[in-house]
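Reader: I am new to this structure and would like to learn how to read it with care. Could you show it to me before we begin?

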Amino acid sequence: MDARLAVTTGPDRVLPATRVLCAFIIPFLLVAFGLLYFWPSADDTGRLFAWRIAPEFTSTTLASAYLGGAYFFARGLVEQRWHRIAGGFLPVALFSGLLGVATVLHWDRFVHGNLSFWLWAGLYFTAPLLVLAVWLANRRVAVDLPGADEVLLSTPEVGLIATAGGLAGLIGLFLFAFPGAAAAIWPWSLTPLTARVVGAIFALGFAGVQVLADRRWSSARIMVQVGIIMLGLMLVAAVRTPADFAVDRPLTWVMAVGFPAAFAGLVGLAVRPRGRPRTGA
């Protein structure tokens, strides 16, 4: 029998501390999504959010990540098996850590008189450590190998997911490390702060690379669903704010094709029939 399909033992359970953290984070994400997606203008964000954000598509992009995150943590509340949500925790720790660093680097750009700012700062100065601690604790009860009844992703699926996720993650690191250079070619207007925030969002794509180590569809399914939520909301927001995009920049057209293609690919993965175990062929 293929070693990858060997029956394994272990509780593979979601610890109570993980559920507590999920329950704690969800309300913040839902409130932030509502503020940024439905009141995305610079005036509204300057009045209601941690800092004044322009253009609107940056606000709605961050909001899309928040709703995707809320869905992920909601699944963490109800899932019984750790491996089904494990792939999201390290990318979330990276995302929140980058936002914490961005907050320190651009402290003067935030509206310190807004309650939203202090909630933002408190969350992103603590969340990276809390999320990492939960991941490490839950790793002790992880089951790394699929059982004989597990459905595996095919080799082409693994390659596409890992490549797309790795590319998104590298773009995110470029945005974060070189915000000025990124702003010069990006499809919509960025400041150094918003470049780093958008970079943190793209860095979530590293979740896709983990399929190289764990090919179980059950491990990838929730992350695929999160991607559908995020990209779907971004596409709707892009249709709402076409004036935010620089049509003279080549990357605008690359994303105009790439984002819908990625969304369609994720939907295809989600709806593909997977009725029996397979060996990755």
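Reader: How much of the contacts in the protein with a separation of 6 or more is accounted for by residues 24 or more positions apart?

Author: Contact here means heavy atoms within 4.5 Å. In this protein, residues 24 or more positions apart account for 80% of the contacts with a separation of 6 or more. Before we go on, please keep in mind that this is a predicted model, in which local features need pLDDT of at least 70 and side-chain atom pairs count only at pLDDT 80 or more, while totals for chains, interfaces and linings use all residues. Residues are numbered from 1 along each chain as its sequence is written, and side-chain values use heavy atoms, with hydrogens and water left out.

Reader: How many helices and strands are there in the protein?

Author: Helices (H or I, at least four residues) and strands (E, at least two) are DSSP runs, numbered from the N terminus. The protein has 11 helices and 0 strands, and its elements, followed from the N terminus, therefore read α-α-α-α-α-α-α-α-α-α-α. The radius of gyration is 19 Å, close to the 19 Å that the globule rule gives for 281 residues, so the protein is as compact as a globular protein of that length. That radius is taken over C-alpha atoms, and the globule rule is 2.2 Å times the number of residues to the power 0.38. Along its principal axes, the C-alpha trace spans about 60 × 40 × 30 Å.

Reader: What percentage of the residues of the protein count as buried?

Author: A residue is called buried under 20% relative accessible area, exposed over 50%, and partly exposed in between, with a 1.4 Å probe and protein chains only. By that reading, 52% of the 281 residues count as buried. Accessible areas come from the Shrake-Rupley method with a 1.4 Å probe, and for residues only the protein chains shown count as cover. The accessible surface of the protein comes to about 12,700 Å², and 72% of this surface belongs to carbon and sulfur atoms.

Reader: Is L193 buried or exposed, and which residues is it in contact with?

Author: L193 lies in helix α9, which covers residues 192-203, and it is buried, with a relative accessible area of 2%. Leaving aside neighbours within four places in sequence, L193 is in contact with W51, A102, H106, R109 and F110. One of these, H106, is found in the loop between α5 (89-105) and α6 (115-139), and H106 is buried as well, with a relative accessible area of 10%. Although L193 and H106 are 87 residues apart along the chain, their C-alpha atoms are separated by 6.3 Å. Seen from its own side, and not counting residues up to four places away in sequence, H106 touches P192, L193 and R196.

Reader: Where does R240 lie, and which backbone oxygen does its side chain reach?

Author: A polar contact is a pair of N or O atoms within 3.5 Å; within protein, one must be able to donate a hydrogen and the other to accept it, and residues adjacent in sequence count only if both atoms are side-chain atoms. R240 lies in helix α10, residues 217-240, and its side chain reaches the backbone oxygen of Y37 at 3.1 Å. At 41% relative accessibility, R240 counts as partly exposed. Not counting residues up to four places away in sequence, R240 touches Y37, P40 and T60. R240 and E56 are 184 residues apart in sequence, and their C-alpha atoms are 9.5 Å apart in space.

Reader: With which side chain does the side chain of S41 make a polar contact?

Author: S41 has its place in the loop between α1 (16-38) and α2 (42-48), and its side chain makes a polar contact with the side chain of D44 at 3.1 Å. Leaving aside neighbours within four places in sequence, S41 is in contact with I53 and E56.

Reader: Which residues does a cis peptide bond join?

Author: A cis peptide bond joins A54 and P55, with omega at about -5°. P55 lies in the loop between α2 and α3 (56-78).

Reader: Is V257 buried or exposed?

Author: V257, found in helix α11 (residues 250-271), is exposed, with a relative accessible area of 58%. By contrast, L67, which lies in helix α3, counts as partly exposed at 23% relative accessibility. Not counting residues up to four places away in sequence, L67 touches L30, F33, I229 and L233.
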